[in-house]
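Let's take a friendly walk through this fold, starting with its strands and ending with the chain as a whole. Keep the structure open beside the text as you read.

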Amino acid sequence: MHEDFNSLETGKPFTHCCTCDCLLSDASIHVINKSYVAHECIFELAMCMECREDMNSKLSEESRVAMFDFMHDRTDMKKRELELGSDAEPAAYLKSCITCGIDSTTLTNYSTGAMFSHQELQKGPFPILMCSTCEEQLAETISDETRNTWDKFIGEHFPGPPSEIKLPSGNKPLLL
Ligand SMILES: [Zn+2]
Ligand SMILES: [Zn+2]
């Protein structure tokens, strides 16, 4: 299980938003998503909150609701908050899949998401980890339109071979 949110490329914290290229140290909040296949990071992304919200606004209302429901129905946020609060070790937040609870040390394929304020990791609901099985189920809840928006976004921002990145399911990683 990987618990760092540095850029794989530089080994250091991400510096720029992948979409608008703003300095993340200037952005009040930014998010980082990574996807692993066979323990190897196949996809990583850092995005400022403005771009993230802009991205979200392009998704269909139906998909946004479906994604929210999927997370909400399967995650006991209250229990998580009681157990972890906002001051546990980062690894503690990633020890199991957010939606099915499977022990993450048994996983080889999964995605993680984290939220930072400037360079500081924000703890609470995030950071989170989702196993590839749940991610596939989540992908099934969203509309084709949302799927296309997201695939196009990845294609535009990660040109070249990385745009062909796919999970074993054939889908591209989702934003957690
Ligand atoms: Zn941005
Ligand atoms: Zn799961």
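Two strands pair if DSSP finds at least two bridges between them. Helices (H or I, at least four residues) and strands (E, at least two) are themselves DSSP runs, numbered from the N terminus. The model is predicted, with local features needing pLDDT of at least 70 and side-chain atom pairs counting only at pLDDT 80 or more, while totals for chains, interfaces and linings use all residues. Residues are numbered from 1 along each chain as its sequence is written, and chains are lettered from A and ligands numbered from 1 in the order in which they are written.

Begin with strand β1, residues 29–37. It pairs with β3 (residues 110–117) in the antiparallel sense over 8 bridges, and there Asn33 has Gly113 as its bridge partner. β1 also runs antiparallel to β2 (residues 40–48), again joined by 8 bridges, with Lys34 partnered by Glu44. β1 and β2 make a hairpin with 2 residues between them, and Ala38 in the turn has a positive phi of about 50°.

How many of the residues of β1 are buried? The count is 7 of 9, where buried means 20 or more other C-beta atoms within 10 Å of a residue's own, with C-beta atoms placed from the backbone. Just after α3 comes Gly85, with a positive phi of about 55°.

Stepping back, the protein chain has 6 helices and 5 strands, in the order β-β-α-α-α-α-β-β-β-α-α along the sequence. Of its 176 residues, 29% count as buried.

Key. A residue is buried if 20 or more other C-beta atoms lie within 10 Å of its own, exposed if 12 or fewer, and partly exposed in between; C-beta atoms are placed from the backbone.
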